[in-house]
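Subject: Structure for your review

Dear colleague,

Please find below the structure that I am handing over to you.

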Amino acid sequence: MDIIISNNSDSPIYVQIMDQIKAMIVSGELKEGDALPSMRLLAKELRISIITTKRAYEDLEREGYIESYTGKGSFVKAINHERVREAAICEIEELLEEIMDKARMAGITMTELEERMRLLYEEKEQ
């Protein structure tokens, strides 16, 4: 499993691990029933603390992406795509609220904001 940890990221390492595993599950790269590396092996490969991988796996399990069995390991769960979509929408709405507050403080109109968003979206699609 290719997980890349960035020391320059503002996100904690366990969040970086979670985000990348979630992305692999949602994209279909990891499928239902696929085994994840053991916490110990992943920690060794990434040269990080096992406590960090344990936290990532526990949070992934709590969010319903994986299931873990003592002595057997951790496996990808069947995901409810509608639930994943709803969670993403909630997260996006929170970020948009932050953006709107900053835009208002800077005197940026909704039209300007929409145009910038459209340009960024189109740029990412290419």
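The lining of the second largest pocket in this predicted model comprises 6 nonpolar, 6 polar and 2 charged residues. The space in this pocket amounts to about 220 Å³. Its lining is made up of 14 residues, of which S38, M39, Y69, G73 and S74 lie closest to the centre of the pocket. Two or more lining residues come from each of α2, α3, β1 (66–69) and β2 (73–76).

Two of these elements, α2 and α3, also contribute to a helix pair, as described next. Helix α2 covers residues 39–46 and helix α3 covers residues 50–62. Their axes are 8 Å apart, and the helices pack at an angle of about 125°. The crossing of α2 past α3 is right-handed. On the α2 side the contact involves M39, R40, L42 and A43, and on the α3 side I50, T53, K54 and Y57. Sorted by class, the residues in this contact are 5 nonpolar, 1 polar and 2 charged.

The axes of α1 and α3 come within 8 Å of each other, with a crossing angle of roughly 45°. By the cut-offs given above, α1 and α3 are therefore oblique to each other as well. Here too the crossing is right-handed, with α1 passing α3. From α1, the residues in contact are I13, Y14, I17, M18, I21 and K22; from α3, they are T52, T53, R55, A56, Y57, D59 and L60. This contact has 8 nonpolar, 2 polar and 3 charged residues.

Turning to the largest pocket, its space is about 360 Å³. Of its 15 lining residues, K22, E63, Y65, V84 and A87 are the closest to the centre. The elements that supply two or more residues to this lining are α1 (13–27) and α4 (81–106). Helix α4 gives the most, with 5 residues. By class, the lining divides into 7 nonpolar, 2 polar and 6 charged residues.

Finally, I would draw your attention to I79, which sits in the loop between β2 and α4. Which residues does I79 contact, leaving aside its neighbours within four places in sequence? They are I25, V26, Y65 and V84. I79 and K31 are 48 residues apart in sequence, while their C-alpha atoms are 9.2 Å apart in space.

With kind regards

How values were computed. Residues are numbered from 1 along each chain as its sequence is written. This is a predicted model: local features need pLDDT of at least 70, side-chain atom pairs count only at pLDDT 80 or more; totals for chains, interfaces and linings use all residues. Side-chain values use heavy atoms; hydrogens and water are left out. Axes are lines fitted to C-alpha atoms, for helices over the stretch in contact, and angles run from 0 to 180 degrees between N-to-C directions. Helices (H or I, at least four residues) and strands (E, at least two) are DSSP runs, numbered from the N terminus. A crossing is left-handed if the near helix is turned anticlockwise from the far one by less than a right angle, and right-handed if clockwise. Contact means heavy atoms within 4.5 Å. Ala, Val, Leu, Ile, Met, Phe, Trp, Tyr, Cys and Pro count as nonpolar, Asp, Glu, Lys and Arg as charged, and the others, Gly among them, as polar. On a 1 Å grid over the protein atoms alone, a cavity is a set of points where a 1.4 Å probe fits but cannot get out, and a pocket is an open set with protein on both sides within 12 Å along at least five of seven lines; lining residues have an atom within 4 Å of a point. Grid points are joined across faces, edges and corners, and a volume is the space filled by probe spheres set on the points. Angles under 35 degrees count as roughly parallel, over 145 as roughly antiparallel, 65 to 115 as roughly perpendicular and the rest as oblique.
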